[in-house]
Amino acid sequence: MKLLDRYIAAQYATNVVVLFVILFSFVVAIDVSINIDRFWDNAAELIARDSESGAEPGPTRTLVVSAMLVFDLWWPRLLNLYNTLLGVVLIAGMGFTGFQMVRHRELVAILASGQSLFRVARPALAVALGFAMLQVLNQELIIPRIAPLLLRDHGQAGTRDLGSTDIPLTPDSAGRLLLAEGFDPAPAQGPPTLRGITIIKRDSQGRMTATHEGDTATWTGTAWRFDPPASTTLYGETRRPGEPLTEFVTTLDPSALRVRSFDGYRQSLSWSQTGRMIRLVRDNAPDGPLSPETRRRLAELERTRFGRISAVLSSMLALVITMPFFITRLPTNTPLQALKCAPIALLALIAAAAGPSISIPGLPAAVGVFIPVLILAPAAVATVTSVRT
């Protein structure tokens, strides 16, 4: 990489990093100012719980623990926020970089040396591509590992689990229905746990043939094990007790129940995990044509998976479209250029964000998410070819 490439790349990367730091600090500061009482009360409660003497905690110690709770709650959220804000920050960073180069007449010097404006844009695009690759790695390797931490509220800062939730009537691949009063996917100690379980078995006509009711079941890796065994009631001509159930082998593993219980968790799955969820939904569907609910869930998962590719491509195309506003042959009024660029950038980023979440009738979900890319790509080509260098 030549000196000019290194200079432009370093300047652009610095602006992007500084913008991220400013935005992250702004978001965290607003949240802390609104919820400082909750952080303070949680810190005092944690100190009192760990203290043997039961004495009232001092303000200094409470302040330190509160700051640790803020960090514990927000560091996974900031990693997720990086993926959300990357497109905006890349365009804003390009604006600041162009403004600095125009202000110091560096673009004039570059053109006077015989270099084209494409030569200026090349290192900036390389840096943007690097940040986009970080986004992909973050989404695929880091976010799935810390997904339970993303769904915590302020009262759960310092914990490492999602808490407990109920499981509504949920069918598995054999047509059986699972109902649970409580589901803890990541307890502090031990495997995932179900509480207050009811399992309903049905025949091919959908009529109930047996029920199993148990207090607690834990996941062994292949099945839900009841302790104590679940009582069984058989239904036929007469209602009678049956053999107690010790294990429930089903495709409704903790991952499937987690996604059903915590809807926001779906966005935190990796590519392979989302594909596995698609297979689980299909396996859990009864034989025959798919129901509208099953088709809806499959479409949501497909949009989630392929929408990530669309979002990255759309963000890069939005950057290409807005670059000519800041990299110009002659010194221009940069604030005016920013005002001209703002609506175009806003529309491009809205298209990039809306594509993975909007269902387009008549198009498969895996195709519909790329509509923003198909719209932005010709605009990017037209913008680039119209640049006078």
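**Exercise 1.** Which residue lies over the face of Trp74, and at what distance from the ring centre?

*Solution.* Start with the source: this is a predicted model, in which local features need pLDDT of at least 70, side-chain atom pairs count only at pLDDT 80 or more, and totals for chains, interfaces and linings use all residues. Residues are numbered from 1 along each chain as its sequence is written, and side-chain values use heavy atoms, leaving out hydrogens and water.
Next, apply the criterion: a charge sits over a ring if NZ of Lys or CZ of Arg is within 6 Å of the ring centre and within 35 degrees of the ring normal.
The residue over Trp74 is Arg77, at 5.2 Å from the ring centre. In another such case, Arg305 lies over the face of Trp271, at 4.9 Å.

**Exercise 2.** State how many aromatic pairs there are and name a cluster.

*Solution.* Rings of Phe, Tyr and Trp (its six-membered ring) pair if their centres lie within 6.5 Å. Searching the whole structure gives 4 aromatic pairs. One aromatic cluster is made up of Phe20, Phe24 and Tyr82.

**Exercise 3.** Describe the secondary structure and spread of the chain.

*Solution.* Count DSSP runs: helices (H or I) need at least four residues, strands (E) at least two. The chain has 10 helices and 6 strands.
Then compare the radius of gyration (over C-alpha atoms) with the globule rule, 2.2 Å times the number of residues to the power 0.38. The chain is more spread out than a compact globule, because its radius of gyration is 27 Å, well over the 21 Å that the rule gives for 389 residues.
Finally, the C-alpha trace spans about 95 × 65 × 35 Å along its principal axes.

Key:
Rings of Phe, Tyr and Trp (its six-membered ring) pair if their centres lie within 6.5 Å; planes under 30 degrees apart count as stacked, over 60 as edge-to-face and the rest as tilted.
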